[in-house]
Amino acid sequence: MIGERIGIFLNKKGISGYRAAKDTGISAQVISAYLTGKRDPSGDMLSKILLTYPELNADWLLTGLGEMLLKSAVAV
């Protein structure tokens, strides 16, 4: 589930749902609905998340395959 993977990413980065809402411009209630599996993100919302967190691998987010973080973003 995409919402579950969003939660895994946020947890790994130490980002709260509230902070993710502020960062992405998506309401905290909608972020919470993604994280609890009550709602699936639309394409527009996925774009906002991926643009806000460029280190997040879109392939992993959508399919669960591959690495969560892009290699270019990991080597810092």
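Mentor: Some ground rules: the model is predicted, local features need pLDDT of at least 70, side-chain atom pairs count only at pLDDT 80 or more, and totals for chains, interfaces and linings use all residues. Residues are numbered from 1 along each chain as its sequence is written, and side-chain values use heavy atoms, with hydrogens and water left out.

Trainee: Why is Arg5 called buried?

Mentor: Buried means under 20% relative accessible area, exposed over 50%, partly exposed in between (1.4 Å probe, protein chains only). Arg5 has 13%, so it counts as buried.

Trainee: Which residues does Arg5 contact, leaving aside its neighbours within four places in sequence?

Mentor: Trp60, Leu61, Leu62, Thr63 and Gly64, where contact means heavy atoms within 4.5 Å. Leu61 is 56 residues away along the chain, yet the C-alpha atoms of Arg5 and Leu61 are separated by 6.1 Å.

Trainee: Now H2, residues 17-24. What makes it a helix?

Mentor: Helices are DSSP runs (H or I, at least four residues), numbered from the N terminus, while strands are runs of E, at least two. Its buried residues are Ala20, Ala21 and Thr24.

Trainee: How do you know that they sit on the same side of H2?

Mentor: They cover an arc of only 100 degrees around the axis, which puts them on the same side; the arc is that of the directions from the helix axis to the C-beta atoms. Tyr18 and Lys22 are exposed on the face turned away.

Trainee: What classes of residue line the largest cavity?

Mentor: The lining has 7 nonpolar, 1 polar and no charged residues. Ala, Val, Leu, Ile, Met, Phe, Trp, Tyr, Cys and Pro count as nonpolar, Asp, Glu, Lys and Arg as charged, and the others, Gly among them, as polar.
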